[in-house]
Amino acid sequence: MTPKDVIKLANDRGAKIVDLRFIDLPGLWQHFSMSRRELTEELFTDGVGFDGSSIRGFQAIHESDMLLIPDPATAIMDPFTAVPTLVLICNIMDPVTRQLYSRDPRYIAQKAEAYLKSTALADTSYFGPELEFFVFDDVRFDQSYQHGYYFIDSEEGFWNAGKEEKPNLGYKPRYKQGYFPVPPMDKLQDLRSEMVLSLESVGVPIEVHHHEVATAGQCEIDMRFDTLTKMADKVLWYKYCVKNTARKHGKTATFMPKPIFQDNGSGMHVHQSLWKGGKNTFWELGGYGDLSATARYYIGGLLKHAPALCAFIAPTTNSYRRLVPGYEAPINLVYSQRNRSAAARIPLYSKSERAKRIEFRTPDPSCNAYLAFSAMLMAGIDGIQKKLDPGQPIDKDLYELEPEEAREIKQLPGSLGEVLDALEADHEFLLKGDVFTPDLIETWIEYKRKNEVDPIRLRPHPWEFALYFDI
């Protein structure tokens, strides 16, 4: 789509507002809007100014002026605004140098795709993330000098099985048994279907939707795979459509990895494959799981760099409430076909070349998809380039191994602080092709330690009172 095409689309659809969107460093969509009359061809080259010092992880105040450059290929009408609104996703540019901004996550994704082509290993990378989320009916949380609490509720929550609801009609999914009974146990069928329709209206093809394992409204909607940057764009539309559809019905949706104690958390399993000249480089009939050597080396890169990768793919303190044994959590750094207790799984639903891929199960939906996909691609490329052996696959339930066997399997670190230390020690693979920069990595680590690790570390936890008040 060209700028002329965008202007025609706006005219044809009766747009009155143009909404410019971009992503901050931690991973939230940001925006501002302008009148339709400001939509000109020059907008796509001149850009629009904004204050980069007010955006998390961006500029210092003395160098705050930045430009948004709309990408005409991303033009789409917003399905939720009352006033007809055309949305454009933007890249970020320095107004002085006229260079694209090295801390713009979308630019990093574009550089990762360009670097892959430059290696001649492949020309296309496909990503298919499976985002899980919760839909709640009420959420409250607060923290002050003398108190700290959270409270969530859901009409589906099994904790409400005995609640006086005048009437309570039952049908509350039991803990860890939400996968996947029909209505009336699944109370969110129509809500998810509406989410699907809103996603398809903005150009995001959907394959399936269903209730997930946890009680209290855990859901999954699966998008059809796409190339790296386009898929990351779609992840943002996914979150936007899910959250706004829920809110439209008086509910709220969260992509927080572990909001419920002692039930399954929300992951973002990411299916990945590399293609060259229209051929899937991960497929080789007759090998283990019909995987090629290229695919095994790619897995080797993911597993070797997994502790550092976690700083981008499981990037919150809450991520490590999910990455614990016993909740289908992929903490074991091995690969296996069909096996959901391994960090890397080879799906066997089809023997077709087109379907062959690897699934990395460690990421969660709190990540910035542009950075997460780029980091995984760079780890996989490093594995191929260095022929990193992922070891022997293990086709067993990894949670039920004998102690001596379990001790031989490496596991993920258990906290955000640890994976930030791992990223600090292991990030050379990310710097290739100037995809990630030292400045970006230093900024990410500093931001996470200052704004997430330390604030959690310094606050008393409610359960500490149960453990220690009577000491």
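Guide: Let us start with the term itself. Buried means under 20% relative accessible area, exposed means over 50%, and partly exposed lies in between, with a 1.4 Å probe and protein chains only. Helices (H or I, at least four residues) and strands (E, at least two) are DSSP runs, numbered from the N terminus. This is a predicted model, in which local features need pLDDT of at least 70 and side-chain atom pairs count only at pLDDT 80 or more, while totals for chains, interfaces and linings use all residues. Residues are numbered from 1 along each chain as its sequence is written, and side-chain values use heavy atoms, with hydrogens and water left out.

Visitor: Why is strand β4 described as largely enclosed by the rest of the structure?

Guide: Strand β4 (residues 65-70) is so described because 5 of its 6 residues are buried.

Visitor: With which strands does β4 pair?

Guide: Two strands pair if DSSP finds at least two bridges between them. β4 pairs in the antiparallel sense with strand β3 (residues 48-51) over 4 bridges, and D65 of β4 is the bridge partner of D51. With strand β6 (residues 85-93), β4 also forms an antiparallel pairing over 4 bridges; there, N91 of β6 is the bridge partner of I69.

Visitor: Which residues of helix α7 are buried?

Guide: They are A306, A308, L309, C310, A311, F312 and I313. Helix α7 (residues 306-313) is therefore largely enclosed by the rest of the structure, with 7 of its 8 residues buried.

Visitor: How does one look for empty space?

Guide: Rolling a probe the size of a water molecule over the atoms shows where empty space is left. On a 1 Å grid over the protein atoms alone, a cavity is a set of points where a 1.4 Å probe fits but cannot get out, and a pocket is an open set with protein on both sides within 12 Å along at least five of seven lines; lining residues have an atom within 4 Å of a point. Grid points are joined across faces, edges and corners, and a volume is the space filled by probe spheres set on the points.

Visitor: How much space lies in the second largest pocket?

Guide: The second largest pocket holds about 830 Å³. Its lining has 41 residues, and the closest to its centre are E130, E220, D222, H271 and E359.

Visitor: How many cavities of 30 Å³ or more are found?

Guide: The search of the whole structure finds 1. α5 (228-248) and α9 (369-386) each give two or more residues to the lining of the largest cavity, and α5 gives the most, with 4 residues.
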